[in-house]
Each structure stands twice: as C-alpha cells, then as structure tokens.
Amino acid sequence: MGEIDWFVLPGGSLVCRQGDAPDALYVVISGALGVFRETAGGPAIRIGDINAGETVGEMALITGGRRTATVRALRDSELVRLSHAGFEALLDRHPRIAVPLARFVAERLGRAQDNRRYLPRPRTFALLPRDAGLPAAAFADAFAEALRRFGGTEIVTSELAASQPLDWFHRMEGACDYLVYLADPAVSAWTRLCLRQVDCILMVGRGADPPGTWPIPEEIAPETDTGPRRELVLLHEAGRRPAGTAGWLAATGAAAAHHVQTPADMGRLARALTGRAVGVVLSGGGARGFAHIGVIRALKQSGMPIDLLGGTSMGAVVAASVAMGWDDREIVERNRRSFVTTNPLSDFTLPVVSLFGGRKVAEMLQREFGEVLIEDLPLPFFCVTANLTQGRADAQRQGLLWRWLRASVAIPGVLRPVFDQGQVHVDGGVINNLPVDVMRGFGRGPVIGVDVGADPAFTAAADADIDIPLWQRLFGRRRRGIPNILQILWRSGTVNSGAMSRAVGEQTDLLIQPALESIDMLNWKDFDRAIEAGYAHTMRVLDESPRPLPDTFQ
C-alpha cells in the first residue's frame, strides 16, 4: 500500500506522545508497549499495556482528536505503522471492519476511564548483581525455581542468547510464563540488552555491604512509571538481622526492598513479584485487638502465607510483632507483658492535651521493638496514622518502628499526639481503622482484612442518670450502664472511620470479623479470651469461606 512501515524500537523509546495530532495506527508484532497518562507537574501514570497482536493509536484516528496518552516501548519491540491515509483507505475498502473496530475502541476507552490504578504484573525479570563476587547464578536458579510454582520459567544467559535475532526473545516470552535474564555485574552490551527486555529489574546485593550505587547504564531511565520497575533484593547471612535498608533505598532509587535469608523468603519474593503475596491488614480496637493474635495463629496453622502486614492502632502493634519475625509464643509473651502485666495507661497528666502523657506507652514500645527501622523488618510492614495537620491518613513505611506505633495508638484526648517535622499525628483509626485500601494499592496480591472494631463498643442503660453530683462521680460507687470518660474518648476517636471500614472491607479477598461485643475495648485483662475468640472464629471462617483466595498456591 505504501503507507505501511515495519520497524524495531529499542526498549524505552517513544511511540507517540499525549497531546500530539493523530498520524498513524501501530500494530505490535513482538515485544510490548506501555500506555501512560501524563499529569501536570507529576510523574506519568501507567494505565495499560499493549502486547503482541494488539494495536494502538486507532482511537485518535477515529475521533480526530489529539492523542490521549503517551506510548513507549517497554522492551525491544517490532511494530507495523499504518499511516493516517492508509487507515482511511483500509476503511474505504473494507467498511465492515468499522463496527468491530468501534466496539474495540469503546471497550478500551472504558478501561482508560476506570479510576482504579493499573497494576502490571511483571513476567520478565533482569537480575542485576551488585558485583562479580555475588552468587548471581545460584540466586537465579533459586528464584526461577520459586517462580516455577506459578508457571513455566526459563533463565536467559548471555551464552544462551548470543547472536539471537529479536524474534527469538519474543518466541521465548511466548513459550514461557516467566523469563529471568541474568545480567552482567557491570555495564556491558548484554546488560543493556537485558534491561531493555524486562518488566522489572531486581538489583541483588549483600545486606552486610555498605549501601551504594549500582552499575546501571546511563541510558536506562531512573525509576519512573515509564521504565522498568526497580526493586532491591538484599541477601542476608543466617541469623543476621537486616540493617541499613534506608541507605540502600536512597542510593538505588528502588521502589521497594526485599530481604532474603531463607528458602521461605525466596518463595515470598516470587509471590510478591507475581501478584500472589498475601497481605494481612489488622484494624484498631483497643483490647479487642488481642484477637488479632489468635487470627494470626489460625492463619499460620492453616498454612496460609503471611507476606505483608499493615494495621492501625492496636492492629499495628500486633502486625509489627509478626513483621519482626517473632513466633506465636513470643508474640503472646511480649504483648501480655506490655498490656496485661503492666498497665501502659497509668501516667495520668494534667489534661491540657490528653488524659495520659504517653511516656509509659512509648517506653513499652521502645523496650519491645528496640531501635528497629520499618525498612529493616524481615516482612514488609506499614502502620497508619491520622495526620491532623494535613487532614489525611498517612501510611508510615519508613522510620523508627516504635515511634510510629506510638503515633498510631495515640487516641485523641487519651494519649498525647506525636509530632514529626511540624506535622501532628494521632491514632490512624480516626480516619482509616481498616487500611485495606493501602495494602491493595501495593498490588502485591490478595488481601485479608481483620476487623475487630465492628461490634458496638458499649451501651448505656435506658434509665441511666448521668447528671449526678461531681463528688458522687469521684468518690461514690460507679453506676452501671454509664460509660466513663476514657471509654467515650476512645470510641469518639474512631467512630467516624466506621463507614470507611465497611467500604474498604469490600476490597478484601477475605474479611474476618470475630464476635467481640462481650469484650470491653479497655479491658486488658481479657487478653486470653480475646485471643481464643479470634482463633476460633478464623478457623471457622477458613473452613466455611466460599471465597478462597485466588491462586495463591497454584
């Protein structure tokens, strides 16, 4: 026809830019393209992919409008370009294709207008070792073996791919579910080729080494939504706790860090990268939060992996206990010592800001969790605080663990707020008591939500007379059916997030809500009863749930 061109684009190259006039339709023969929505003053947002056999650019040709998105090659790709004139000539010769083409455009437009963030699932990985002394080949073998639980996987080395044409890489990708490219520990032609062929770059280093930069070619764009995702993998010696992760993240610009020490960690890495990692989110609920300990025990006992953790208030404390790597016995012992044997809510203060100073809570959290940073936890973790300065919920993923836990349990009026860089933080339950949406946004896989704050907190007797003399309230016998000021403040601090908890609960793959109405939110002595209630309910749910978690173990 004269209007058709066949050409090859290196990974990262521009196909068309948002706002440009329509000039052609493109057909992907091999490779893959990414579709990005440009935002004013912010990074481009990836909203879709165009794979082999699919087209891009037809919408602007049909509507006559400007390009609505930017398109780039995600890896080395072969394309066919049909010019605007050629497209119109094709429609003149074959008008019947107009209807299915319009239907296809309408479907794609509907997906583009979906408010949910597009979360691509990587299928091709480049392992980029920090230096030649790293056991990169052994790591590649172990990683590929973990991926094979979910589909056919092959390792591509420079020897295997030497002098192969571009369509060989396309055939390999079509024949396998996952490809693992083993790059050189230095900038080389092979490393450049690997990084142009993949969805995700795994920067593999030793956790004991001092943080530093990586041998990444200059032409490979820094971590953005328009390039391959970069994730950091730190290998640790047996028995050595991770440390220095913040420095690694700052030096590499990686989007996330994974700590690998055991074969179980390698399985967790494979699940996280393929969208099969199980995230567990624990709500706030005062003393009812001890039920989370029983829920965790039941999940482990049933064989459910726990790959990521997050929570609010008391749920954050229990989630952090699991993320620390403590076993069930240690979780019970530490929480019993902290909340039952001693009472952290006993340092009454002049109630200018709060009833309690919070010093005992801070000392307890610091004693149990030490100076561990959130980034250095063996399992990924976040806790939610309510940022009163900005009027929003903040998910804390970096910094001193005990300090952010202290903020996440700071019920307004009960405990003093935590101040950080001019911002005022209190209990995350004020805004988001069950932060399932935060976990879902990571795109790592199915989410289990545990809500211990759904049951009524307390009731008042219908004929209770609370208008009684002050001296009688202070020195007389406490009247039954009348909530005290601590209960009222505690409940007031979280009641507004109840509707949001119900809404985000719909985003869970499995929602666990133990019946805890008989347990007072401030009765720390109900420790064992709450744990047993959480355990028994979860075992029952796992036996009866009609919604199994999607292909986590396939």
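1. Let's start with a local pair: Arg148 and Glu145 form a salt bridge, and their closest N and O atoms are 3.1 Å apart. (A salt bridge here is a side-chain nitrogen of Lys or Arg within 4 Å of a carboxyl oxygen of Asp or Glu.) Arg148 counts as partly exposed at 36% relative accessibility, and Glu145 is partly exposed too, at 49%. For those cut-offs, buried means under 20% relative accessible area, exposed means over 50%, and partly exposed is in between (1.4 Å probe, protein chains only).

2. Before going on, a word on what you're looking at. This is a predicted model, where local features need pLDDT of at least 70, side-chain atom pairs count only at pLDDT 80 or more, and totals for chains, interfaces and linings use all residues. Residues are numbered from 1 along each chain as its sequence is written, and side-chain values use heavy atoms, with hydrogens and water left out.

3. How many salt bridges turn up in a search of the whole structure? The search finds 29. As background, side chains of opposite charge can pair when their charged atoms come close.

4. Now look at Asp23, which forms a salt bridge with Arg67, with 2.7 Å between the closest N and O atoms. This pair links distant parts of the chain, 44 residues apart: Asp23 is in the loop between strands E2 (14-16) and E3 (24-30), while Arg67 is in the loop between helix H1 (58-63) and strand E7 (70-73). (Helices are DSSP runs of H or I, at least four residues, and strands are runs of E, at least two, numbered from the N terminus.) Asp23 is partly exposed at 31% relative accessibility, whereas Arg67 is buried, at 5%.

5. Arg334 sits in helix H12 (residues 328-341) and Glu368 in helix H13 (residues 359-369), so the pair ties together parts that are 34 residues apart in sequence. Both Arg334 and Glu368 are buried. They also belong to a network of salt bridges that links Glu330, Arg334, Arg337, Arg367 and Glu368.

6. Finally, check out helix H8 (residues 245-252). Its buried residues are Thr245, Trp248, Leu249 and Thr252. After H8 comes Gly253, with a positive phi near 70°.
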